[in-house]
2 protein chains.
Amino acid sequence: MAILALLIEVLVPSILLGVIAQGPIISPEVHADRTVTFRYRDPGAKKVELGLEGADAVPMTKGQNGVWSITTQPLAPDLYGYSFTADGEARLDIHNPSTKPNLIWIGNMVLVPGDPPLPWEVQSVPHGLVHHHFYKSEIIGDERDYFVYTPPGYQPGRGPKLPVLYLLHGYSDMANGWTAVGKANVIMDNLIALGKTKPMIVVMTLGYGVPDFASPNRSGFRESGIVEKNYDLFKKALFGEVIPMVEHDYRASSNRKDRAIAGLSMGGAETLIIGLNNLDKFSYVGAFSSGGLPGSLDSNFAGFSGKKVNNALKELWISCGTEDGLIAPHRAAIAWMKAKGANVDAHETPGRHAWMVWRRNLAEFSQRLFKD
Amino acid sequence: MAILALLIEVLVPSILLGVIAQGPIISPEVHADRTVTFRYRDPGAKKVELGLEGADAVPMTKGQNGVWSITTQPLAPDLYGYSFTADGEARLDIHNPSTKPNLIWIGNMVLVPGDPPLPWEVQSVPHGLVHHHFYKSEIIGDERDYFVYTPPGYQPGRGPKLPVLYLLHGYSDMANGWTAVGKANVIMDNLIALGKTKPMIVVMTLGYGVPDFASPNRSGFRESGIVEKNYDLFKKALFGEVIPMVEHDYRASSNRKDRAIAGLSMGGAETLIIGLNNLDKFSYVGAFSSGGLPGSLDSNFAGFSGKKVNNALKELWISCGTEDGLIAPHRAAIAWMKAKGANVDAHETPGRHAWMVWRRNLAEFSQRLFKD
């Protein structure tokens with residue numbers, strides 16, 4: 001009984017049969033010299049561009065059978081997000097199963113592998129575990145989720161409590177931003193294996209205090225007070241729901257010396273608002289490419305005292321990419337904090353507002369944590 | 001300091017600015033009468049179709065500004081996969097953040113909610129937990145992953161051992177097929193809350209014994225012996241790696257009376273091959289829309305004895321959709337097993353080779369498990 005042939009006949013829809021008829025489109029194709037060829041079939045489009053994360057859009061060239069393509073210059077080894085734009089409309093690379101989940105800007109990802117591998121490439125080291133939790137938030141009023149990374153060898157119920165990093169995503173990310181795109185679990189696995197980063201629990205929770213704060217059709221983003229409300233309810237849910245659940249379910253230390261908070265972009269703003277206004281709760285604060293503080297620094301950090309910050313925090317680590325449009329407010333915030341006497345560990349790195357910056361930020365910041 | 005304005009300026013790429021300039025495209029739009037409007041902008045396309053899971057492709061109509069649209073008839077409440085096809089090429093709905101991960105056929109999903117809600121809609125009931133494990137398979141030779149669902153209230157290390165359902169995905173699915181698309185964790189949460197399904201552990205592992213057996217550009221699918229090798233190595237990794245790890249890490253029973261195996265399509269074939277040839281290992285076997293058995297039933301199930309099957313299994317549950325192209329081999333397999341005296345719990349349901357069938361299969365099958 002030729003069930004296999006039947007399986008193929010039934011399972012392979014016209015999409016793939018069409019592709020087979022034309023010859024398969026391979027995209028992306030990463031070459032040995034680290035150039036990458038992207039291909040996209042669209043016979044009717046007048047203009048197609050490649051949008052590679054961290055770079056300006058570049059035009060693709062139309063070839064045979066309506067296949068547009070471009071081969072890049074050799075790229076630095078990294079994990080890149082990308083999408084196509086055809087006549088002004090974003091398109092995914094349907095031939096690449098590696099997608100970049102996002103509430104607004106879904107895309108694809110392509111790895112240009114490093115030699116040696118980058119910390120965010122899966123390597124044959126002991127792996128930690130990622131737990132996906134679901135709960136009804138009474139504070140925010142929706143069903144939501146959070147992820148908890150436990151390091152390799154972690155045993156529930158056995159051994160001492162572990163330090164915890166609360167790690168916040170950016171605007172438009174889903175709760176899985178730091179794992180599915182940021183590869184936080186892979187980074188932690190690799191750096192722990194090298195002895196560079198201490199074993200720790202990493203908690204990654206949905207970072208919106210307002211349900212649907214980020215959605216494809218959201219028009220209320222500039223609605224008066226909504227940004228403040230978003231941060232305030234998020235903070236309440238973090239302190240009132242997420243942290244208590246984590247400390248109940250895991251061997252997670254509740255001692256402030258064992259707690260760090262960090263985040264990227266909107267999550268960086270949340271980190272600063274929550275971390276600097278709750279110096280009794282955390283000993284390490286890390287803000288990567290922060291954006292989205294409502295109002296002035298004086299209003300967000302009323303009563304900011306460099307002395308108090310220095311006494312409370314072992315590390316106030318603030319970074320931004322030099323090509324990020326947020327570099328000016330980043331520098332202004334650093335100057336403002338330093339003028340008030342705070343010891344800021346300030347970092348500028350190459351790059352835009354992009355995951356290639358944030359993965360490096362996490363890799364660097366994590367090595368500063370819980371060392372004594 | 002208007003950091004918020006800067007954030008918006010920096011974070012909102014030309015994609016969205018373009019959309020705002022034209023007015024936002026809302027897709028999909030689920031109306032109160034359960035009709036759904038799909039929209040897709042493509043000024044240059046000559047022909048655009050909607051491919052809704054479980055139905056024939058239907059043409060969309062070109063309107064203003066190159067926006068193609070279609071409004072369906074009222075749809076039965078369900079979670080539907082879909083994608084567009086423009087001039088023969090598959091396209092995702094970039095405006096819908098709900099994507100359907102797949103190694104070959106990525107798509108979107110849209111929920112037409114039920115009243116009362118369907119078992120695969122998230123409801124305010126106690127939620128279980130989904131654990132994402134990563135490991136190097138020495139048997140298969142790659143870095144791979146599996147998911148483990150534990151029911152609400154599960155405490156590591158405390159209480160009696162729980163029964164386990166080993167649940168296998170289909171060809172082209174990733175290891176997250178049964179959670180991200182099949183909503184197995186949601187189904188279990190809801191049915192456990194209703195007292196219809198017993199609390200159990202569900203293990204969902206990557207179902208390929210050959211690395212890259214499913215990939216967008218795979219040409220070797222019909223390579224001699226590869227299907228047999230795929231199943232054989234998968235079986236060895238399941239018995240030699242996954243089950244031992246699960247039984248080490250969880251309160252998972254290793255008693256055959258507490259073990260079930262089930263799967264869809266390729267995973268249904270794997271379920272039958274593994275389950276019926278290892279009657280000492282499982283007490284429940286469930287095959288949903290099975291496809292991909294290499295060779296004949298006689299060769300796959302050498303020594304099949306209805307009497308032995310009946311003695312060993314509390315449930316041999318085999319199902320297929322009546323509009324599925326696999327319905328004929330399904331019926332033939334049922335007849336073959338019955339002719340050999342096996343008690344087969346055979347089911348035919350409306351539907352094609354689609355997740356709407358398999359979610360219902362899981363909901364039904366799970367209620368038969370571990371009842372005494």
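Biologist: How many bridges join strand β2 of chain A to strand β6 of chain A, and which way do they run?

Modeller: Five bridges join β2 (residues 36-41) to β6 (residues 67-71) of chain A, and the two run antiparallel. One example is A:Arg41, whose bridge partner in β6(A) is A:Val67. This is a predicted model: local features need pLDDT of at least 70, side-chain atom pairs count only at pLDDT 80 or more, and totals for chains, interfaces and linings use all residues. Residues are numbered from 1 along each chain as its sequence is written, while chains are lettered from A and ligands numbered from 1 in the order in which they are written.

Biologist: What makes β2 and β6 of chain A a pair?

Modeller: Two strands pair if DSSP finds at least two bridges between them. Here there are five bridges, so β2 and β6 of chain A pair. A strand is a DSSP run of E, at least two residues; a helix is a run of H or I, at least four; both are numbered from the N terminus.

Biologist: Why are β1 and β5 of chain A called edge strands?

Modeller: The open sheet has four strands in the order β1-β2-β6-β5 (chain A), with antiparallel pairing. β1 (29-30) and β5 (61-62) of chain A each pair on one side only.

Biologist: Why does B:Val130 count as buried?

Modeller: A residue is buried if 20 or more other C-beta atoms, placed from the backbone, lie within 10 Å of its own; with 12 or fewer it is exposed, and in between partly exposed. B:Val130 has 23 C-beta neighbours inside 10 Å, so it counts as buried. It lies in strand β11 (residues 129-136) of chain B.

Biologist: Which residues does B:Val130 touch, not counting those up to four places away in sequence?

Modeller: They are A:His132, B:Phe147, B:Tyr149, B:Thr179 and B:Asn185. Contact means that the two C-beta atoms, placed from the backbone, lie within 7 Å.

Biologist: How do you know that helix α6 of chain A is mostly covered?

Modeller: Eleven of its eleven residues (266-276) are buried. Among them are A:Met266, A:Glu270 and A:Leu276. The cover includes α5 (226-249) and β15 (259-264) of chain A.

Biologist: What are the domains of chain A, and where do their bounds come from?

Modeller: Chain A is divided into domain 1 (23-112) and domain 2 (129-366). The bounds come from an automatic or database domain assignment. The C-alpha centres of domains 1 and 2 of chain A lie 31 Å apart. Their contact takes eleven residues from domain 1 of chain A and 15 residues from domain 2 of chain A. Strand β7 (residues 78-86) of chain A gives the most to the domain 1 side, with three residues.
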